[in-house]
Amino acid sequence: MISKKMAAAIGDQINRELYSAYLYLSMADYAEQEGLKGFSVWMQKQAAEEVTHAMKFHAYLGDQGARAALKAIDAPPAKFASPTALFRDSLAHEKKVTAHIHKLVDLAVAEKDHATQIMLQWFVTEQVEEEATASDILAKLERIGDDPRGLFMVDRELAARGAGGH
Ligand code: FEO
């Protein structure tokens with residue numbers, strides 16, 4: 001059994017993961033409008049992955065016989081400055097998510113809640129990967145600058161995520 005405080009904190013994280021999915025869907029729509037289908041595919045895959053994160057937390061609460069109030073999900077921004085800004089915003093967002101995951105770990109440690117600490121390890125590792133991926137793509141886009149040929153090359157690469165790439 002986990003504490004009510006821990007369950008509520010996990011509930012807030014479920015909300016953040018679903019917001020993340022919403023944010024990536026909005027980014028996918030922006031990319032689609034810009035004619036960048038590969039960016040859009042990548043963002044849709046990311047949105048789906050965020051839903052699996054929310055489901056993982058939700059399943060954990062269920063396994064612990066706990067329940068958290070499900071709150072309203074904020075609307076994501078509808079506009080983005082540029083294709084490069086998508087990954088700049090994504091990296092900034094993932095850093096915030098990482099900080100929240102670390103706070104959850106701190107709470108689990110403070111409560112001597114070993115089971116939750118172990119469950120959270122997966123997310124700690126996942127966040128390292130998510131930040132690294134966003135950071136790599138951002139670096140590539142920043143090198144390309146305004147070169148449309150470079151942008152379409154990255155777009156093709158991002159489309160490959162649908163074929164099992166990351
Ligand atoms: Fe679920 Fe992008 O962290």
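Helices are DSSP runs of H or I with at least four residues, strands are DSSP runs of E with at least two, and both are numbered from the N terminus. With that in mind, note that you are looking at a predicted model, in which local features need pLDDT of at least 70 and side-chain atom pairs count only at pLDDT 80 or more, while totals for chains, interfaces and linings use all residues. Residues are numbered from 1 along each chain as its sequence is written, and side-chain values use heavy atoms, with hydrogens and water left out.

**The whole chain**

Begin with the protein chain shown as a cartoon, where you will find five helices and zero strands, so that the order of elements from the N terminus reads α-α-α-α-α. Taken along the principal axes, the C-alpha atoms fill a box of roughly 55 × 25 × 25 Å. Of the 166 residues, 45% are buried (buried means under 20% relative accessible area, exposed over 50%, and partly exposed in between, with a 1.4 Å probe and protein chains only). Among contacts (heavy atoms within 4.5 Å) with a separation of 6 or more, 83% join residues 24 or more positions apart.

**First stop: α1 and α3**

Two packed helices are described by the angle between their axes and the distance between the axes. Axes here are lines fitted to C-alpha atoms, for helices over the stretch in contact, and angles run from 0 to 180 degrees between N-to-C directions. Select α1 (4–33) and α3 (83–110), which pack at an angle of about 170 degrees with their axes 11 Å apart. By class, the contact of α1 with α3 has 16 nonpolar, five polar and five charged residues (Ala, Val, Leu, Ile, Met, Phe, Trp, Tyr, Cys and Pro count as nonpolar, Asp, Glu, Lys and Arg as charged, and the others, Gly among them, as polar).

**Second stop: the largest pocket**

Rolling a probe the size of a water molecule over the atoms shows where empty space is left. On a 1 Å grid over the protein atoms alone, a cavity is a set of points where a 1.4 Å probe fits but cannot get out, whereas a pocket is an open set with protein on both sides within 12 Å along at least five of seven lines, and lining residues have an atom within 4 Å of a point. Grid points are joined across faces, edges and corners, and a volume is the space filled by probe spheres set on the points.

Now select R16, Y19, L23, P77, F80, D89, H93, K96, V97 and H100, which line the largest pocket, a space with a volume of about 170 Å³. Both α1 and α3 supply at least two residues each, and the largest share, five residues, comes from α3. The lining has five nonpolar, two polar and three charged residues.

Move to α2 (residues 37–63), which packs against α4 at an angle of about 170 degrees, with the axes 12 Å apart; that makes α2 roughly antiparallel to α4. To show the contact, select residues including F39, W42 and Q46 of α2 and M119, F123 and E130 of α4. By class, this contact has 11 nonpolar, four polar and five charged residues.

A search of the whole structure finds one cavity of 30 Å³ or more, and about 50 Å³ of space lies in the largest cavity. Of the 10 residues that line it, Y24, W42, Q46, E130 and T133 are the closest to its centre. While α2, α3 and α4 each supply at least two lining residues, α4 gives the most, with three. The lining divides into three nonpolar, four polar and three charged residues.

**Last stop: two single residues**

Select Q127 in helix α4 (residues 114–144), which is buried, with a relative accessible area of 2%. Leaving aside neighbours within four places in sequence, Q127 is in contact with E94, V97, T98 and I101.

Finally, select K112 in the loop between α3 and α4, where 65% relative accessibility counts as exposed. Most residues other than glycine have a negative phi, yet K112, which is not a glycine, has a positive phi of about 55 degrees.

Terms used: Parallel < 35°, antiparallel > 145°, perpendicular 65-115°, else oblique.
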